[in-house]
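Subject: Structure for you to look at

Hello,

Here is the structure we spoke about. Please open it first, then read the notes below.

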Number of protein chains: 4
Amino acid sequence: MSKPLNIGMIGYGFMGRTHTNGYKRVPDFFPELKYKPVLKAACARDKEKIQAFADQWGYESIETDWKALIARKDIDAIDICTPNNLHKEIAIAAAKAGKMILCEKPLAMNAAEGEEMCKAVEEAKVPNTVWYNYRRIPAVTFAKNIIDSGRLGRIFHYRANFLQDWTINADLPQGGNALWRLDAAAAGSGVTGDLLAHCIDTAIWLNGSISDVTAMTETFIKERVHTATGQKQKVTIDDACAFLCHFENGSLGLFESTRYARGHKALYTFEINGENMSLRWDLHDLHRLEMFDYGDEGPFRAWKSIHVTDAGGDHPYMNKWWVPGLQIGYEHSFVHQVADFLKSLEEGKPCGPTFRDALETQKVCDAVLQSAKEHVWKNV
Amino acid sequence: MSKPLNIGMIGYGFMGRTHTNGYKRVPDFFPELKYKPVLKAACARDKEKIQAFADQWGYESIETDWKALIARKDIDAIDICTPNNLHKEIAIAAAKAGKMILCEKPLAMNAAEGEEMCKAVEEAKVPNTVWYNYRRIPAVTFAKNIIDSGRLGRIFHYRANFLQDWTINADLPQGGNALWRLDAAAAGSGVTGDLLAHCIDTAIWLNGSISDVTAMTETFIKERVHTATGQKQKVTIDDACAFLCHFENGSLGLFESTRYARGHKALYTFEINGENMSLRWDLHDLHRLEMFDYGDEGPFRAWKSIHVTDAGGDHPYMNKWWVPGLQIGYEHSFVHQVADFLKSLEEGKPCGPTFRDALETQKVCDAVLQSAKEHVWKNV
Amino acid sequence: MSKPLNIGMIGYGFMGRTHTNGYKRVPDFFPELKYKPVLKAACARDKEKIQAFADQWGYESIETDWKALIARKDIDAIDICTPNNLHKEIAIAAAKAGKMILCEKPLAMNAAEGEEMCKAVEEAKVPNTVWYNYRRIPAVTFAKNIIDSGRLGRIFHYRANFLQDWTINADLPQGGNALWRLDAAAAGSGVTGDLLAHCIDTAIWLNGSISDVTAMTETFIKERVHTATGQKQKVTIDDACAFLCHFENGSLGLFESTRYARGHKALYTFEINGENMSLRWDLHDLHRLEMFDYGDEGPFRAWKSIHVTDAGGDHPYMNKWWVPGLQIGYEHSFVHQVADFLKSLEEGKPCGPTFRDALETQKVCDAVLQSAKEHVWKNV
Amino acid sequence: MSKPLNIGMIGYGFMGRTHTNGYKRVPDFFPELKYKPVLKAACARDKEKIQAFADQWGYESIETDWKALIARKDIDAIDICTPNNLHKEIAIAAAKAGKMILCEKPLAMNAAEGEEMCKAVEEAKVPNTVWYNYRRIPAVTFAKNIIDSGRLGRIFHYRANFLQDWTINADLPQGGNALWRLDAAAAGSGVTGDLLAHCIDTAIWLNGSISDVTAMTETFIKERVHTATGQKQKVTIDDACAFLCHFENGSLGLFESTRYARGHKALYTFEINGENMSLRWDLHDLHRLEMFDYGDEGPFRAWKSIHVTDAGGDHPYMNKWWVPGLQIGYEHSFVHQVADFLKSLEEGKPCGPTFRDALETQKVCDAVLQSAKEHVWKNV
């Protein structure tokens with residue numbers, strides 16, 4: 001009794017691949033779900049490239065104009081994998097056309113755009129979600145469950161960082177298909193929207209709202225050749241960003257992101273310190289959750305590294321995969337998000353993070369960038 | 001112009017799932033391959049169960065008699081995922097029917113059986129491979145490439161273990177569909193064939209042949225209820241096995257496996273010590289390879305932990321997946337084995353480990369079990 | 001031809017013990033030094049306690065009035081291990097009396113006091129040093145040597161934290177001999193002077209001066225019983241402090257300290273990210289230095305964990321101790337500081353950090369506390 | 001009311017230094033002990049060298065003939081730090097002279113010698129101990145206490161190794177003062193007596209007696225220049241040794257030692273797997289004990305790394321040192337052995353490992369070497 005859910009994918013880059021893989025894997029591993037994604041159409045301006053993408057992944061058809069895609073009656077859900085500067089227009093049009101929307105993060109170029117998008121999906125009453133995929137890494141979901149159980153007690157500290165090193169080379173250009181993330185006109189910001197947004201989404205999910213921030217940003221390489229013009233142009237993104245903050249629960253936050261931390265490929269880490277327990281996680285070993293439990297017997301208290309791979313128990317999602325000790329990877333977080341989205345449709349519930357949830361992250365990002373610009377504390 | 005390769009799968013357990021997932025993922029991530037696996041038929045005696053399996057994974061048809069499956073003209077390759085005691089009969093029949101064979105490890109109940117199977121596939125000249133999947137974990141393949149480059153110099157030591165803890169509970173029964181691995185009649189042996197065989201396959205691949213061994217085995221829980229009879233029966237498998245050995249290259253080997261090492265879910269580790277370099281790997285963090293390079297500048301010499309996730313470079317298979325820093329998991333080793341098998345068909349070359357390669361592992365296992373029984377050194 | 005250096009120790013607490021052990025161990029392990037410390041006198045107001053301390057450690061005599069100690073002709077050097085609020089008065093008196101001074105960190109209650117102390121020792125031209133002992137952990141000194149060699153290239157980031165958890169219990173009192181660190185009247189500040197000061201000293205030493213800061217502090221437990229009065233009193237120290245900063249070399253800094261990070265006993269860590277190399281260190285495994293060297297061959301690039309225990313080579317101080325692989329501990333940093341102080345006397349050179357060096361750290365602490373109070377960026 | 005214990009030290013090498021440091025540190029950190037070691041005399045044939053050693057460490061006098069030392073009335077205890085081939089003669093003479101004996105490990109060249117030594121001290125009724133110092137690393141003692149509490153339940157496995165790499169260089173000579181460990185005439189054996197003996201001593205202490213063994217040894221570099229003759233001579237020691245064994249409690253053992261494991265300076269590790277708990281330790285991070293406790297709540301079960309540095313609690317010896325989080329090092333194990341020896345004198349109890357205890361280790365070593373020679377299992 002499965003029901004097809006016809007997907008219209010816009011974009012074919014890195015995220016186009018991870019989402020598509022998510023749609024394809026779900027029926028194999030979550031056979032109990034009523035909805036089955038169908039790869040109905042893939043869309044991009046470059047006909048040759050989108051055709052190749054569609055062929056590789058098995059999309060039934062292609063479009064070269066996203067408006068045409070949205071207009072199609074046989075599409076149930078629009079997946080937005082474009083550069084950030086197109087999110088708003090596409091999302092609003094899709095909402096008006098009554099399509100469900102699965103939008104790549106960050107939600108928008110800024111909170112003002114995000115607010116418009118939220119209104120659009122809420123008025124249209126269409127299911128919507130934003131791909132903050134790290135929530136669905138089993139170890140991260142496990143952390144959420146532990147925190148929600150109240151075991152940590154009063155929270156004192158939360159810290160997170162997302163460290164990369166891939167833009168240290170000054171010869172790397174900016175802009176174009178491959179490197180639009182280095183161009184503020186397409187991306188909105190640099191590491192703040194690309195990397196810190198992930199940290200903020202997880203933080204709010206785990207530890208509640210952020211009240212105020214003080215931030216600094218830096219652009220280490222001031223000029224890069226722009227792919228579009230072939231000319232050296234000013235770099236407009238933030239290469240690095242760090243901020244201090246207060247959470248509404250009274251705990252202190254510390255966040256940092258950069259693409260200039262030599263030696264770190266994609267080191268997203270977070271740590272939360274509660275009165276009774278602390279938790280720590282690291283994307284480079286994403287299948288592990290570190291825990292310190294003050295409830296342990298005195299001399300045996302220590303950090304433990306939980307291998308979150310138990311199929312039979314309380315390790316989220318892991319009963320869907322293999323046997324204890326055998327790890328899954330990065331891509332599975334997207335499979336899980338698809339599964340949860342499909343389940344939310346069955347249950348008629350929202351699938352977090354919704355556009356509205358993602359807007360809160362956007363507001364923090366805006367406050368961070370504004371604080372860095374004005375050198376003052378900013379309320380969110 | 002892809003060519004279908006029609007798969008006939010026998011079995012639907014843990015390995016049935018990992019292999020099937022391998023067949024399904026390959027076209028998405030290795031689109032350049034000429035052959036595309038088609039899930040033509042799944043086979044098992046239990047009609048209801050095999051139908052459910054086929055429905056979940058998308059097999060086009062089912063069979064309840066493996067002989068009928070082998071007889072089908074529309075099947076190109078037989079995948080054997082049965083308990084070990086059926087490998088020989090099925091493989092020989094499949095070979096005679098001219099089918100390619102992908103056989104789950106260990107090859108057979110013992111070397112004598114394995115020898116027959118080798119002869120059958122060699123006479124029939126059918127492509128054949130055995131699923132010693134760990135060879136295709138990128139970090140392990142990377143180790144192989146480094147060793148083959150000669151960088152390690154003279155090899156002094158090789159050690160490996162495979163430690164689990166899932167059978168400590170004395171109330172666990174033996175036998176039946178789920179627990180045939182605890183019944184020597186179905187499995188041939190205990191940890192030796194199930195776990196040590198993996199260690200031995202990798203060891204021979206990386207470090208060459210093993211000459212002689214001295215071993216000990218132990219059965220800690222002497223009796224368990226047998227699922228088939230409901231009665232307590234003698235446990236006939238080895239719960240633990242360890243052996244010392246000489247490799248033909250003059251290096252010393254040390255191997256251990258057990259299902260009674262509390263705290264270890266599936267801790268397969270190996271380490272190789274060469275004159276100039278050492279390497280170490282661990283299944284619990286399978287995306288990492290540890291390396292010590294004596295060629296490093298003196299005060300900087302140290303073990304490094306290579307995060308084998310570089311898409312652009314020399315990290316095997318990783319250009320097929322995501323971006324640097326984002327790990328893949330256990331299941332990908334099977335995807336890689338399918339891909340390599342398909343490529344070997346294109347190239348008309350064997351895909352290691354072939355039946356003949358796996359026979360060498362079987363011979364070591366036999367020598368180990370014999371040495372343990374007789375309390376003497378045994379030549380392989 | 002050794003020359004005695006007569007030590008007058010003021011205080012007998014934790015630091016009194018670490019310094020005294022330093023004086024006693026030096027001749028055994030640094031026999032080449034001309035000066036040999038002699039434990040001439042120990043001083044504290046409590047006669048019984050200081051006598052017990054002198055007996056245990058072998059001080060030749062005691063005093064109960066530090067002015068009397070300073071007045072003694074047979075004392076060459078005064079070691080100040082009192083609470084922070086006494087540093088200034090004692091140091092200035094000692095300088096006027098022509099004594100060398102080894103002062104426990106932080107230098108003073110604030111920069112104004114520190115400035116007076118600097119002037120006093122500089123006018124008196126007496127050798128002086130401040131016990132920022134972590135500089136002399138071999139792995140930290142090794143980091144300094146590597147950085148000074150220029151191998152890191154342009155520096156982008158520096159981050160450090162000092163995390164503890166020993167004051168989470170709300171029943172812990174403040175003040176008195178044991179807990180003066182929780183009383184701002186005796187300590188000047190909380191974690192800023194006690195813990196962050198260490199991080200700042202190392203940071204300036206490794207990465208140069210800090211220009212400006214934005215900080216936040218928090219006092220989680222607002223009232224504690226004061227040991228002196230037996231009454232609940234407002235807690236005046238900072239329980240936690242974090243700040244962002246710019247270094248003069250253009251790199252970004254991130255610092256955090258707290259006594260509310262459940263699970264961390266004394267987790268002082270720092271990391272520095274340069275264009276070509278990154279280094280990382282952690283007090284919980286103080287004998288290791290982690291290094292990432294971009295100069296390594298591409299696929300082999302990784303973080304390595306250098307076991308800084310080589311006796312024969314370039315691992316600082318380690319030729320004085322045991323054989324490779326055998327670690328030394330925390331206390332040895334004080335032995336090294338004594339040895340370096342004695343050597344500086346032989347050579348007629350200052351022994352860093354001098355009072356003047358430590359004043360710079362004090363100025364950063366002042367700016368941090370002021371920034372946190374006023375919620376603005378502060379220049380140092 | 002302290003009582004002097006006059007030490008006569010024979011030898012001035014690496015162990016002469018560690019023992020002497022032990023004698024000197026004890027009164028500072030264990031002030032409650034009645035006996036205080038006094039460095040009465042140091043002895044070696046080379047007058048100049050022993051004088052330099054005595055001067056550096058503060059021995060009151062020297063001797064160049066160990067018989068003269070033993071004859072001195074003012075000596076209470078003889079510390080034997082000579083090459084192994086002198087242990088027996090000295091120990092027996094010292095016992096006959098009524099001296100206490102602290103003998104460096106291994107006890108003797110072989111069990112026959114050891115038996116004679118045991119008889120001598122037992123007849124003379126003199127206190128005696130052997131410096132298997134690793135028992136007194138706090139994390140190791142902690143492991144002992146946990147095991148003795150019965151928490152582990154039935155033991156299934158014990159494994160240990162001691163891996164070094166310092167003799168890989170074929171140009172390293174054998175023999176002489178510095179390299180007598182490479183000469184079987186002086187050392188008795190190679191890694192078996194030098195390194196495996198440590199592993200065996202700890203194993204027996206923690207897990208009880210060993211029943212039988214099957215072993216292999218190897219000499220990788222067959223000839224080295226002998227320091228005494230300047231000629232290339234056959235190497236007579238074992239460069240590497242590994243063995244399997246049964247413990248009397250029914251658990252299985254696996255041991256390995258080598259000086260050809262590139263990358264390992266002094267990697268002594270052990271692991272014990274019990275029904276309910278497992279423990280693991282590693283000399284390269286000697287202040288940590290790893291523990292897996294099956295009694296933990298299901299989803300939270302994991303290996304934890306206990307930082308064995310708590311001053312206030314049940315971490316053995318640590319109340320004598322600093323504060324939680326601050327590690328001690330290798331040398332402290334000798335301080336602890338001296339302290340325990342002195343305490344045993346006060347209490348009139350033996351201080352393990354006694355000569356008799358060490359003889360059991362010697363017997364295992366003998367069985368190992370014999371098994372390796374004959375290629376058969378050997379009872380101990």
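The contact between chain B and chain A takes 38 residues from chain B and 38 residues from chain A, where contact means heavy atoms within 4.5 Å. This is a predicted model, in which local features need pLDDT of at least 70 and side-chain atom pairs count only at pLDDT 80 or more, while totals for chains, interfaces and linings use all residues. Residues are numbered from 1 along each chain as its sequence is written, chains are lettered from A and ligands numbered from 1 in the order in which they are written, and side-chain values use heavy atoms, with hydrogens and water left out.

Together, chain B and chain A bury about 3100 Å², with 51% of it on carbon and sulfur atoms. Buried area is the accessible area (1.4 Å probe) that two parts lose on being put together, summed over both.

There are eight salt bridges between chain B and chain A; a salt bridge is a side-chain nitrogen of Lys or Arg within 4 Å of a carboxyl oxygen of Asp or Glu. One of them joins Asp28(B) to Lys24(A), at 2.7 Å from N to O.

Now for chains B and D. Chain B is superposed on chain D by a rotation of 180 degrees with 0.0 Å of shift along its axis (RMSD 0.0 Å), using least squares on the C-alpha atoms of residues with pLDDT of at least 70 in both. This is therefore the relation of a two-fold axis. The C-alpha of Val376(B) is the nearest to the axis in chain B, 3.1 Å from it.

Regards
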